[in-house]
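The plan is to look things up piece by piece and jot down what turns up.

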Amino acid sequence: MRLSGAKALVKSLEAVGVEVIFGIPGGAILPTYDALYDSKIRHILVRHEQCAAHAADGYARASGGVGVCMATSGPGATNLVTGITTAYMDSSPVVAITGQVSRGMIGKDAFQEADIIGITTPITKYTFQIRDPREVPKTVKQAFYIASTGRPGPVLIDFPVDVQREEADIDFDEEFELLSLRPTVDPHPLQVKKAAELLLNAERPVILAGGGVIISGASEELVRLAEYLSAPVAFTLMGKGAMPEDHPLCLGMVGMHGSAVANKIILEADVLLAVGTRFSDRSTGKFEEFCKDAVRIHIDIDAAEIGKNVKPHVPIVADAKKALSAIYEAIEKISPKMDRSTWVQRVKWMRERLATIPISSSGSIRPKEVIEEIRRQLPQDSIITTGVGRNQMWAAMYFKAYRPRTFITSGGLGAMGFGFPAALGAKVAKPDKIVVDIDGDGSFLMTERDLATSIVENIPVIVVILNDGWLGMVKYWQDLFYRKRYCATCLKRGCPDFVKLAEAYGANGFRAHTLDEFSKAFSEALKSDVTTVIDVWISPDEPVLPFVPPGRPLNDIILGGEGGGEG
Amino acid sequence: MGVKQPKNSLNIISFIVQNRPGVLFRVAWMIRRRAFNIESISVGPTERPDLARMTITIYGDEAVVEQVVKQLRKLIDVIKVSKLDPENSVIREMALVKVSVPDQKARADLDYYVRAFRGKVVDVAPDATIVEVTGSPRKIDAFIELMKGFGVKELARTGAAALLRSPKGIPGEEK
Ligand SMILES: Cc1ncc(C[n+]2csc(CCOP(=O)(O)OP(=O)(O)O)c2C)c(N)n1
């Protein structure tokens, strides 16, 4: 078929099932936008390319499919960088398409030329530059395959504008041959047998679930194995939602702001089964001390994660779902369902001893109350996104997630500004679900302009700003480690007026000082069919506890007033 | 159950990559990004025009070398990675050394060393000579050490190229 490169691209995107693209046009990508004009693909015009990338990421995380964003060359492309890095750190499949100057101008420092391949190679799984329109279908197929195969991640396609315009005979059926990226998905039977025997003979087994469990869709297998073994399950921030948090075996989040019981119990394990986690320092505390006396089994699809931070005794390179199934089947063959009453009792006792004591009222509305109220009013399948900072940690601690893909947060990069555009992406992916962004005032201000997108493109979400008037988490560290010398962290609450800001865009705006006000505003928001921003004024002095200071082992946990128990 | 203990030694990693623009950049970037401290890297075509072979030499404990191998395997352009056992591999490097030879005596000494190392004099000028020498990286190190007595003006090394010996291969000259 004789077509321009641009038309070939759009046709190829349709062929791999793309339904939505988030982006902003510009000179070097205009032929492709012109081709989009005739396509059934929905293009969502955002107000900043960072939003396009975060929204594509949110779309991918909520749906399990690939998210797509598009930008012009130069500044359009460089504006994607934070979003692409976020997707890379959290293993999210995003395909970014950027315009580029003509082939003949590349390397000449042409107007709006940026070496986006050079810039994004370290933050993508792969990058392509299309040098010939005939390469288009094959490149698109490869990009989607790479983004979603094995450990997912972002892929960038750089598309020079003259290649977009050039016509050629395009073969859409041409298949690609990739000599690498053949991930081991099936676990090695010998390793499975070893793991099964260790878990069977364990006295105090603990399972640590990471984001890989969610990516591989292994929640059922996780719960089934945990129940069979009577093994408590802790999760990392990225693994939140992998196991329903009301399950009696669920310990909650582990790590720097993990629950007291999760951090204590995981260190008591004699056998640790870690699955789909890269042992981030935020999850393990000091690497050398983490479960150092336990026998460690590590399942991951990315062989490079095995032994990178924490050395396992039994490495299993495999898809999480397949590995958990295989271990379950191996155990079931040898032994009936285990009843580890002493261990279960110990966990129960710890849980009760460390249970949060009811919080005292401090005059201001407490983040915990706000978040629990959100949970109370939402159906189980609603989706939460977060900003970065205290708001994110409070959301992780207090919002109970019951299903995979319902808690979406920037874990690895910790990119402020992620929450709101990710919420837009999630809502586009799941229009029937309620999407709530629990955000900080600082984080929200980084991407608030896309309120315009949410109104104009009719993507209603709810934004709850836990407004402390500070770059709260940083202030908290200044409180703890810098003798309250508040350098550059006060945002001066009231500027902007978030209610007026919301209204300026045509969104609903509410302010809440009390739980009652918040509760009413939130139920109003649930009834509205446009985006609502609720500005909740909390105390600037709210602690984020429990807390394991950076670089310390998990048992150096500070529980503080609300954690109860020792500390 | 014990986790294996680290040990420092020279390691050779040989790998086949797609012969495409940007591949060297991707490999070099990964090495920098992960803060691996390599000794040398070399690249060149193979028997197949679409593939190239790269060779890295690196000192490091087992854990570091494992990580280098795994991170290389993760790169989309890398097709096959092998860790070569120095005992069972042929490993060669070439060096060009420009030394000063002010007088007859120096010339004679140099000649002696060059012959002992089976090197070659490839350029002669009144006050300087360029010598070419090939061999294992260790042999090259030793040769350069000797050349320091003359005063090394300039030095260029290619980095190691290596291949695994065939199981029944007969070691030729110099192992
Ligand atoms: C883009 C970006 N810049 C800076 C930081 C460093 N940082 C981490 S938390 C934080 C404060 C966040 O403030 P806010 O969004 O108001 O949330 P709060 O902690 O007050 O809940 C900052 C500046 C970051 N994570 N991301």
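**Entry 1: a term I need first.** I count a salt bridge when a side-chain nitrogen of Lys or Arg sits within 4 Å of a carboxyl oxygen of Asp or Glu. With that rule, I get 2 salt bridges across the interface of domain 1 of chain A and domain 2 of chain A. A reminder to myself: this is a predicted model.

**Entry 2: how chain A is divided.** I looked up the domain assignment, and chain A comes as domain 1 (2-169), domain 2 (189-355) and domain 3 (367-537).

I then checked the pair from my first entry. The C-alpha centres of domain 1 and domain 2 of chain A are 38 Å apart. The contact involves 7 residues of domain 1 and 6 residues of domain 2. Together the two domains bury about 540 Å², and carbon and sulfur atoms give 60% of that. Which residues of domain 1 of chain A lose the most area to domain 2? I found M89(A), D90(A) and R151(A), which together make up 67% of what that side buries. I also noted 2 residue pairs in polar contact across this interface.

R151(A) turned up again when I looked at salt bridges: its partner is D302(A), with the closest N and O atoms 2.8 Å apart.

**Entry 3: D302(A) again, now with chain B.** Which residue of chain B forms a salt bridge with D302(A)? I found K74(B), and here the closest N and O atoms are 2.6 Å apart. The rule finds 1 salt bridge across the interface of chain B and chain A.

On the chain B side, α1 (23-33), α2 (62-74) and β4 (78-84) each supply at least two residues. The largest share, 5 residues, comes from α2(B). In all, 20 residues of chain B are in contact with 22 residues of chain A, and the buried area is about 2000 Å², 60% of it from carbon and sulfur atoms.

**Entry 4: the nonpolar cores.** I went looking for the largest nonpolar core and got one of 77 residues. L222(A), I327(A), I331(A), I374(A) and F518(A) have the most contacts inside it. Helix α14 (residues 320-334) of chain A gives the largest share, 7 residues. Domain 2 and domain 3 of chain A each give this core at least three residues.

Leaving out neighbours within four places in sequence, I374(A) is in contact with I384(A), F399(A), V436(A), I438(A), V464(A), F518(A) and F522(A). Apart from this core there is another, of 46 residues, and C69(A), A96(A), I383(A) and F420(A) are among them.

**Entry 5: one helix in chain A.** In helix α21 (residues 472-481), I listed G472(A), M473(A), K475(A), Y476(A), Q478(A) and D479(A) as buried. The buried residues of α21(A) pack against α17 (390-398) of chain A. After α21(A) comes R483(A), with a positive phi near 50°.

Entry 6: The contact takes 6 residues from domain 1 of chain B and 5 residues from domain 2 of chain B. The two bury about 400 Å² between them, 65% of it on carbon and sulfur atoms. How many salt bridges did the rule find across this interface? The count is 0, while 2 residue pairs are in polar contact. On the domain 1 side, β2 (38-45) and β3 (51-60) of chain B each give two or more residues, and β2(B) gives the most, with 3 residues.

Definitions and conventions:
Residues numbered from 1 in each chain as written. Chains lettered and ligands numbered in written order. Predicted model: local features only at pLDDT ≥ 70, side-chain atom pairs only at ≥ 80, totals over all residues. Heavy atoms only, no water. Core = buried A, V, L, I, M, F, W, Y, C linked by side-chain atoms within 4.5 Å. Buried < 20%, exposed > 50% of the residue type's maximum accessible area, 1.4 Å probe, protein only. Helix = DSSP H or I, 4+ residues; strand = E, 2+ residues; numbered from the N terminus. Domains from an automatic or database assignment. Contact = heavy atoms within 4.5 Å. Buried area = accessible area lost by both parts, 1.4 Å probe. Polar contact = N/O pair within 3.5 Å; in protein donor to acceptor, adjacent residues only side chain to side chain.
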